[in-house]
Amino acid sequence: MKGRGEKITMLTAYDYTMARIVDQAGIDIILVGDSASNVIAGHETTLPITLEQMIYHTGCVVRAAERALVVADLPFMSYQVTDTGALKSAGRMMKEAGAHAVKLEGGAVVVPAIRKIVDAGIPVMGHLGLTPQSIYKFGTYKVRATDNREAELLFEDARSLQEAGCFAVVLEKIPASLAAEVTAALDIPTIGIGAGQNCDGQVLVTHDMLGLNQDFSPRFIRRYADLHTVMTEAIRSYGSDVKGGAFPDTSEQYD
Ligand code: KIV
């Protein structure tokens with residue numbers, strides 16, 4: 001697709017019903033993101049979600065996907081301790097959940113783990129820029145790589161990930177000009193989130209782009225629907241119909 005100049009679409013899903021909609025709507029890649037930790041479990045960061053929980057979510061998504069590639073995030077501490085541990089985690093994601101590929105965060109430091117996973121026949125997607133599993137190291141969710149030193153480091157990391165065998169790399173919240181340069185320099189596709197127009201593809205958290213989440217509105221999110229309002233109104237109507245005796249009516253009961 002990169003070679004053809006065709007943009008790659010990626011959206012998150014964590015459950016069967018949402019994954020079915022995303023798959024049937026023609027999205028290329030479904031990401032079972034560790035953002036499930038925030039979106040589904042209500043945690044402040046992505047750190048608490050466990051490998052077992054990610055395997056559960058990935059299995060739900062895999063059962064729904066008939067055409068999209070399903071990429072599963074390896075959660076915090078499931079690949080950083082040892083390279084063998086990283087391979088075991090990736091292997092469980094493939095065997096127990098049926099994922100088609102895994103994603104993990106970081107640059108040169110995770111290259112040995114990536115090599116081991118790729119050598120075992122498991123496709124790996126990289127993730128650079130704002131890597132939420134390192135939030136306590138960064139201290140903020142601000143744009144990354146705005147200074148030359150960090151930008152150069154990110155460039156080197158992107159090349160290392162490609163050399164290590166990653167089939168694609170997510171670039172999160174970095175300047176658009178840097179993302180464009182990295183995209184032009186790599187043979188593998190870049191998938192951007194808050195990284196401008198020139199990436200080979202784009203990813204958003206589905207709950208954000210559908211407007212289900214009202215508390216989070218950075219500038220890179222475009223809201224394609226206001227499902228928070230739609231759902232709130234529907235649920236209120238149901239509540240008032242039940243209280244007022246309008247639901248169920250005689251056509252909605254059995255004789
Ligand atoms: O966990 C996630 O949803 C992600 C995307 C934001 C890229 O990693």
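Modeller: Let's start with Thr-45, which counts as buried because its relative accessibility is 9%, under the 20% cut-off. Please keep in mind that this is a predicted model. To find Thr-45, look in the loop that runs between helix H2 (36–39) and helix H3 (51–64). From there, the side chain of Thr-45 reaches the backbone nitrogen of Leu-47 at a distance of 3.1 Å. Leaving aside residues up to four places away in sequence, Thr-45 touches Ser-37, Asn-38, Ile-135, Tyr-136 and Tyr-141.

With that loop in view, move on to the ligand. Its surroundings include Gly-33, Asp-34, Ser-35, Asp-73 and Lys-103, and the shell as a whole divides into four nonpolar, four polar and three charged residues. A polar side-chain atom of Ser-35 lies 2.5 Å from an oxygen atom of the ligand, and for Asp-73 the corresponding distance is 3.2 Å. Lys-103 has a side-chain N or O atom 2.9 Å from a ligand oxygen. Taken alone, the ligand exposes 260 Å², and the protein buries 95% of that.

The largest nonpolar core has 61 residues, of which Leu-74, Met-93, Ile-117 and Leu-171 touch the most other members. Leu-74 also touches Lys-103, along with residues including Leu-51, Tyr-79 and Val-102. A second, separate core of twelve residues includes Ile-29, Leu-31, Ala-168 and Ile-193; Leu-31 and Ile-193 are also among the residues surrounding the ligand.

Notes
Residues are numbered from 1 along each chain as its sequence is written. This is a predicted model: local features need pLDDT of at least 70, side-chain atom pairs count only at pLDDT 80 or more; totals for chains, interfaces and linings use all residues. Side-chain values use heavy atoms; hydrogens and water are left out. A residue is near a molecule or strand if one of its heavy atoms lies within 4 Å of it. A polar contact is a pair of N or O atoms within 3.5 Å; within protein, one must be able to donate a hydrogen and the other to accept it, and residues adjacent in sequence count only if both atoms are side-chain atoms. Accessible areas come from the Shrake-Rupley method with a 1.4 Å probe; for residues, only the protein chains shown count as cover. Ala, Val, Leu, Ile, Met, Phe, Trp, Tyr, Cys and Pro count as nonpolar, Asp, Glu, Lys and Arg as charged, and the others, Gly among them, as polar. A nonpolar core is a set of buried Ala, Val, Leu, Ile, Met, Phe, Trp, Tyr and Cys residues joined through side-chain atoms within 4.5 Å. Buried means under 20% relative accessible area, exposed over 50%, partly exposed in between (1.4 Å probe, protein chains only). Contact means heavy atoms within 4.5 Å. Helices (H or I, at least four residues) and strands (E, at least two) are DSSP runs, numbered from the N terminus.
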